[in-house]
Amino acid sequence: MSPVPGGGVAAQVGRASDGASTIPDSIRRDLADGRYWKASRALHVHLAPLASAAVEDRMVLAEAEAGWRNWEGAVAALVGDGSDTEGAPPRFWYLLGTSRARTGDHAGAVRALTRFVAVVPADAPEGVAARSRIARGLAETEAAGESVEAVEALRGLSSRLGDWTALAVAGRLARSGGGAAVRQLLASVAEPAVSRRGWRLETDAWAQAGDTARALEALMDVLARGRESGASRTETLALEWRYRLAGGDSAGAVAAMEGLLRRTTRGAAALEAAMAHWRVASNSGPEVLRTVAGALGNGGEFGTAVRAWRLVERRGGALTERDRAALARAYNGSGDRDGAVRVYRELAASGDPAVAAAALRAWAAIRTRQGRHGDARTLQDRLVERFPSSAEALDVIFFRGDDHHDAGRVDQAIDHYRQVVSMSASANRAGLARMRWGQLHLRRGELGAALGVFQGYLEEFPGGRRWEEASYWGAQAAAALGDTAEARRLRTRIQRVSPLSYYAFLSARTEGAAFAPDLPAGPPLPDPEWLSRDLETLALFEEAGLEEAADAHVAAMKDAAAGSDELLLRLAVALNEAGRTLDAIRLGLELRRGGRPWDLTLVRVVYPFPFRELVTSRARELGLDPFLLAGLIRQESTFVPDIVSPAGAIGLTQVMPATGRQVAGAIGPRGFRTEMLETPELNVHLGTHFLSELFRRYDGVIPLVLSAYNAGPTRANRWRRLPEAEDPHRFTERIPFAETRGYVKSVTRNWALYRWLYGGGE
């Protein structure tokens, strides 16, 4: 995707070079590779003094600045020195308008874009997109009437873009309380799917204006339309109780709160309703209070939840075991450990094994936090004795084995891992215990015993969750024993059944062969006429900056292709080419889950390589393997530049803002802003610097490097002291965190896949 709407930097450089441009080839290469920050610094030197630079060259500089989201720099490149702009080409005004909008100068953006549309054909894609941006810019300046007129004018050029622009403008006007204008805009939307997305905008607008009576009236209109409105009853109830309460209708507000809590006791809306109900309602019965208490506890309001549960009992409600478990959690969360223990002690006597086992585990955890380790162990022993096949009991024995393992008490560790398997062989925890058990035999050179453990797993669970792991390590043991036929049989099965797996890669490497899965090219794919038209519409939505419209259009394209695997795969290929990487990958994985076998086309869909030039040039600059970096980015972000993790990591290499600020302070850019991490170049610039530091710190040992990247250097430093760290692959199996263990395997597998797919024989 281009850094700013309206075409890529490379194309602009090409146009400039037709004239008197003197931009060196080195800068052109950086621009073509997507290294806009680097190019912008070089351009500032090359074009100095900027006032004497040709307007075409200043436009190239503006695109470079915009490429790394330096919008102020883009504006300054175009008009910062007060140069005469009367003879500027049309695209100059488009760049200026889009850049000014990103700086918050919406009035200036509207003026520049208006000059652009005045000199381009009305139906040109950039012109149509610019009209959408003008309408939204007018809404940002609170020129409601003009923005509505602009939407109507746009509708004559593109009804679909007009509908989505109307929705976007209505959303902006709703935030400023423009109820009448919002109503007018929504009434003009022709496409039902677009109209349904705006169901709450009018009610929001009236609420923002302080007219809760009109807001409630608009909400009732939504309810009257039923399913046609697109609103769920839970969503409307979350608004209704607020409007009724603000209007003085306490009884109606309480009824709406209770209606919402009967539907769900989880999430922010449920918690807010429960807190309001606790403040407002006074004579609720036990069944209503039960939902209130549940929502309070689920939302982390533990102290109030305890009071609510006690009120349930005082008003005649009998607490079920599930309710009492929630009460105990609330006691614990509020800091009243003794209260929690009293309830858990009662629940531990339950006739329901699931309830009693969970209570014993929670009770033991409290004693551990209190430092009463003897009491905790007694409770754990009771848990294991009473419920030996429960998940809680398996965890007790497994982690005791893990403690022995960490301390180097190998015999005791093996005994505990073996006990876990005997308690419930089919449990996931038992599978991991069996793999640990086999690894300990390998560690001591007990090859026959190790092979027996891995073969035992495969005999019981030939298609189990860990069959690949058991097969690979069984093959290692067999080969060491001289049984090359068995080793080959086990590795061949991995490569045949799971050719793209981590263990298929290890098997090929162990045998001294290149990792090159034997997959067919795949059948020819259809190319229906509607696909090219829909891709043009998608490009128009993206040009206009209407992300919601683009997402909805992709979903509609998937619906249109449904029923034909070949057509869905063709769509996935097209989405990758259009820069919709995550959509393409998801579609490819859906095809896999539906039973489609791997072929080269499907593999390239699921493992694409966008930003290839950027990734390759930066990796080689730092002495990193570009295919390893590509594999890491595929795992971290699926190549989505602005993706944000639940922990707050951002962008292609998932850099935390604090890390980005620290690294930028050392290597640039100056004036770091968090939004820079959404820029591919700067994210890769900062993330690869951190990665290269880890390579130096861990002597290039890939599993340690990746462990540190995923779980942090502090943990990796602790883990590198494990005995298994002498062997990178055995260390990978020993990584304590399941998430990090899976991460290291996935990135290593991705590394092999990207080298195979894109290495050209390297």
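**Overview. A total of 50 salt bridges is found in this structure.** A salt bridge here is a side-chain nitrogen of Lys or Arg within 4 Å of a carboxyl oxygen of Asp or Glu. The model is predicted, so local features need pLDDT of at least 70 and side-chain atom pairs count only at pLDDT 80 or more, while totals for chains, interfaces and linings use all residues. Residues are numbered from 1 along each chain as its sequence is written, and side-chain values use heavy atoms, with hydrogens and water left out.

**Close-up A. R69 and E678 pair up in a salt bridge.** Their closest N and O atoms are 2.9 Å apart. This pair links distant parts of the chain, 609 residues apart: R69 sits in the loop between α4 (55–67) and α5 (71–79), and E678 in the loop between α38 (657–667) and α39 (680–697). Helices are DSSP runs of H or I with at least four residues, numbered from the N terminus. R69 counts as buried, at 18% relative accessibility, whereas E678, at 22%, counts as partly exposed. For these words, buried means under 20% relative accessible area, exposed over 50%, and partly exposed in between (1.4 Å probe, protein chains only).

**Close-up B. Here the side chains of R200 and D204 meet in a salt bridge.** The N to O distance is 2.9 Å. D204 is partly exposed at 21% relative accessibility, and R200 is partly exposed too, at 33%.

**Close-up C. E469 and K745 form a salt bridge between two helices.** Look for an N to O distance of 3.9 Å. E469 belongs to helix α28 (residues 467–480) and K745 to helix α43 (residues 738–758), so the bridge ties together parts 276 residues apart in sequence. E469 and K745 are both buried.

**Close-up D. Salt bridges join several side chains into a network.** Its members are D402, D406, R436, R443, E724 and R734.

**Close-up E. Helices α33 and α34 cross at roughly 155 degrees.** The axes of α33 (residues 565–577) and α34 (residues 581–593) come within 8 Å; axes are lines fitted to C-alpha atoms over the stretch in contact, and angles run from 0 to 180 degrees between N-to-C directions. That makes the two helices roughly antiparallel, the word for angles over 145 degrees. Across the contact (heavy atoms within 4.5 Å), residues of α33 including L568, L569, L571, A572 and L575 meet T581, D583, A584, L587 and L591 of α34.

Methods. Angles under 35 degrees count as roughly parallel, over 145 as roughly antiparallel, 65 to 115 as roughly perpendicular and the rest as oblique.
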